[in-house]
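Here's a quick walk through how one chain is put together and how it meets its neighbour. Have a look at the model before reading on.

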Amino acid sequence: MSQDHSTIVKQLPNELFLPQVVALLNEGHTVTLPLRGRSMRPFLEDNRDKALLKAVDKPQVGDAVLAELTSGHFVLHRIISIEGNQVTLCGDGNLTPDPLCRLEDIRGKAIGFYRKGSNCLDSTDGRKWRIYSWWWTRLYPIRRYLLFMLHPHIPYRFRKTKKI
Amino acid sequence: MKTKKGFNLRTVCGENIIVAEGIENVDFSRIISMNESSAYLWKNIQGTDFDENTLAELLLKEYEVDEATARSDAKALVEKWLEAGIIE
């Protein structure tokens, strides 16, 4: 769409749009969804990549899932633990996990990603995603530094502000 | 002319959008937003063989416009749709 200058890109509000996506998943469709946010860095980038989603019966630790944490608040994050009905999610690009949610809050699972404008799916069963996932989840203790190296930025509180 | 298979009109959050739908997959990464009159035309011509005249007639039937405006609008719309790749 970006090559057409007459096209206006519209952003639909998540809390209204994603329930419709969930309805389609429940009807048995798969859904391709453009991704927003930086919480699944470094593999997935804001506004660049797309996820292929499917409804899920039994989510597993390590899956990237679409979850409705609270009513209307959706995230696509990785499951880091399941205890009974309690699920802990954490975005690959986040340092702290999300608040606990329940198994039934998980609405769908990413079965693959289209990255960097490619039409070729990186399946979550494929080598690339599995190798990346293995390393990235084990490197959690030093994630803070890895993320900083990959996406350097200076926190606002340390920035010099110009005084007028 | 015909609408391409797999491009269906959906109403999402009050917006009329054309979404690419296969038998299995629904692709929201490339959607085309339509205004009310454009959506009305799409509903009426989807799956049929149509041309600019068909669209102009539909516009005249539904809206209070003169024929010249309807025709020029229909022509412009067909160009837009061709450009968007949703008709052939």
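In chain B, 33% of the contacts between residues at least 6 apart in sequence join residues at least 24 apart; a contact here means C-beta atoms, placed from the backbone, within 7 Å. Bear in mind that this is a predicted model, where local features need pLDDT of at least 70, side-chain atom pairs count only at pLDDT 80 or more, and totals for chains, interfaces and linings use all residues. Residues are numbered from 1 along each chain as its sequence is written, while chains are lettered from A and ligands numbered from 1 in the order in which they are written.

Chain B has 3 helices and 3 strands, running β-β-β-α-α-α from the N terminus. These are DSSP runs: helices are H or I with at least four residues, strands E with at least two, numbered from the N terminus. Some overall values for the chain:

| Property of chain B | Value |
|---|---|
| Radius of gyration (over C-alpha atoms) | 13 Å |
| C-alpha box along the principal axes | roughly 40 × 25 × 20 Å |

Now for the neighbour. On the chain A side, 16 residues are in contact with 11 residues of chain B. Elements giving two or more residues to that side of chain A are α1 (14–26) and β1 (30–34). β1(A) also pairs with β3(B), residues 25–34, in the parallel sense over 3 bridges (pairing takes at least two DSSP bridges). Within β3(B), B:Asp27 is the bridge partner of A:Thr32.

Terms used. Contact = placed C-beta atoms within 7 Å. Rg over C-alpha atoms; globule rule 2.2 N^0.38 Å.
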